[in-house]
Amino acid sequence: MSKKLPVNKNDYIDVVFVDLTHDGSGVAKVDGYPLFVAGGLPGEKAKVKVIKPGKSYGVGKLIELYEKSPYRVDIPVEEKHKYGGCQLEHLSYEGQLCYKENQVRQVLSRIGKLENVIVHPIIGMDDPWHYRNKAQVPVGEKNGKLTAGFFKPRTHEIVDTDESMIQLPEVNEAIQAVKGICNELRIPAYQEESHQGVLRHIMARYGKQTGELMVVIITRTAEIPHKDKLIEKIIAKLPKVKSIIHNVNTKQTNVILGEKTTVLWGSEVIYDFIGDVKFAISALSFYQVNPIQTKVLYDKALEYANLSGEESVIDAYCGIGTISLFLAQKAKQVFGVEVVPEAIEDARRNAALNGITNVEFAVGEAETVIPNWYQQGNVADVLVVDPPRKGCGEALLQTIIAMQPKKVVYVSCNPATLARDLRILEDGGYKALEVQPVDMFPSTSHVECVVLMSRVEK
Ligand SMILES: C[S@@+](CC[C@H](N)C(=O)[O-])C[C@H]1O[C@@H](n2cnc3c(N)ncnc32)[C@H](O)[C@@H]1O
């Protein structure tokens with residue numbers, strides 16, 4: 001017999017929020033049953049409506065706040081459209097940093113059972129706004145005019161925005177300019193339901209160190225109406241533009257970029273620097289979105305690796321080689337592994353661009369390539385991992401344990417999988433010494449960490 005839940009759909013109840021979920025919703029407990037409510041902050045008392053009572057947790061809607069958190073910031077209704085993608089817009093920056101640091105501590109203890117590791121205070125930004133170097137905004141139409149912004153949470157409705165608080169001003173300016181030009185030229189927006197129309201997304205990417213701008217026009221159709229006029233007007237309106245790209249996505253899908261990419265004008269790539277290392281970034285490349293905090297993160301990874309110039313280093317999940325090239329400046333040799341072939345092409349191109357010759361890149365799954373290297377007798381002194389949110393594959397963790405590099409530096413964007421993997425490595429003869437949380441994504445619920453692990457000498 002199924003257990004009776006303490007709440008029913010459409011109930012109105014009074015709650016106190018005790019925590020935040022990993023995606024920033026308030027958590028209230030009703031007779032021990034967790035209720036997740038977007039907009040609630042720990043310590044606040046509120047009236048909520050039960051929307052979806054699930055088996056192990058329910059979802060509610062905030063109706064009225066009786067008592068507010070001292071960390072709450074109220075955003076005027078007319079400014080709300082500037083905060084798309086900001087799950088923590090209602091929490092002060094001080095409150096956000098406190099929440100993220102606590103989340104890391106709690107998860108390392110609860111999932112990783114790591115009690116003695118040093119967790120340093122999180123490194124936040126001096127100015128936590130206007131940090132993103134890239135935006136890709138969906139385009140729609142309302143009353144005969146193009147709209148561009150973000151999807152209202154859990155809907156397909158586009159909120160039209162003239163500015164995003166988390167994007168660099170140059171990125172905001174580029175999106176607005178292209179939207180305006182497409183409006184003038186009456187380029188029709190893509191209609192999701194009927195799969196008709198033309199313009200699906202506008203993307204802009206900006207090299208903060210070089211001042212180079214890339215604009216990507218993403219359409220359903222192979223042709224763009226008034227293409228020449230569009231290019232001419234973009235160049236006239238955005239003097240920093242170095243590259244105008246056309247991407248065609250013919251599929252009825254939520255995936256933004258399609259398979260065909262061509263250069264409409266200018267260069268195929270823009271350039272940017274992280275520290276002294278120069279990177280070529282193409283429209284499809286993964287490149288960290290917060291240039292200021294990326295430098296902080298990579299410097300910490302390099303500090304933890306503590307290289308003398310004699311070490312052989314493996315950089316697993318290396319993307320376009322950003323961390324590998326940073327490490328190569330201080331190591332004897334670096335071997336990077338990444339599953340996306342185009343990213344490895346970029347990584348090799350970036351090594352050549354910087355005249356860095358002590359780095360080699362391999363395409364493949366880190367869980368296959370690194371065990372093969374180990375079988376062939378290739379071992380590393382230092383192993384760096386920077387996996388996607390799901391964490392490291394088991395085969396890689398077991399190979400690390402067998403290979404016994406002196407140090408493991410773990411860069412993670414998900415504290416839960418980080419804690420799980422650190423436990424496996426601890427059980428295999430490593431000790432987590434220090435954890436440095438870094439706030440790469442202010443106003444969102446995400447937190448990044450760098451961890452130093454050392455082999456326990458027997
Ligand atoms: C968090 S990103 C890190 C990229 C890079 N270190 C950086 O800072 O730009 C993770 C990378 O792992 C790659 N990846 C995902 N699964 C992989 C696997 N099984 N083996 C190797 N690389 C993988 C992704 O394509 C992505 O480039």
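## Strands and helices in a predicted model

In S5, Lys 61 is the bridge partner of Lys 49. This is a predicted model, in which local features need pLDDT of at least 70 and side-chain atom pairs count only at pLDDT 80 or more, while totals for chains, interfaces and linings use all residues. Residues are numbered from 1 along each chain as its sequence is written, and side-chain values use heavy atoms, with hydrogens and water left out.

Let us start with the strands. Helices (H or I, at least four residues) and strands (E, at least two) are DSSP runs, numbered from the N terminus. S4 and S5 pair in the antiparallel sense over eight bridges; two strands pair if DSSP finds at least two bridges between them. A hairpin of four residues joins S4 to S5. On S1, the antiparallel partner is S4, with five bridges joining the two.

| Strand | Residues |
|---|---|
| S1 | 12–20 |
| S4 | 45–53 |
| S5 | 58–67 |

Now zoom in on Val 16, which lies in strand S1 and stands opposite Lys 45 in S4. Leaving aside neighbours within four places in sequence, Val 16 is in contact with Val 27, Ala 28, Lys 29, Glu 44 and Lys 45, where contact means heavy atoms within 4.5 Å. Val 16 and Glu 44 are 28 residues apart along the chain, yet their C-alpha atoms are separated by 5.6 Å.

Val 59 belongs to strand S5 and is partly exposed, because its relative accessible area is 33%.

H9 (residues 415–427) has 13 residues and reaches 18 Å from its first C-alpha to its last, close to the 18 Å expected at 1.5 Å a residue; the expected span is 1.5 Å times one less than the number of residues. Which residues of H9 are buried? Among them are Pro 415, Leu 418, Asp 421 and Leu 425. The buried residues of H9 pack against helices H1 and H8 and strands S20, S21 and S22.

In H8, the buried residues include Leu 396, Thr 399, Ile 400 and Met 403. Those buried residues pack against several elements, including helix H7, strand S16 and H9. Just after H8, Gln 404 takes a positive phi of about 55°.

Conventions
Buried < 20%, exposed > 50% of the residue type's maximum accessible area, 1.4 Å probe, protein only.
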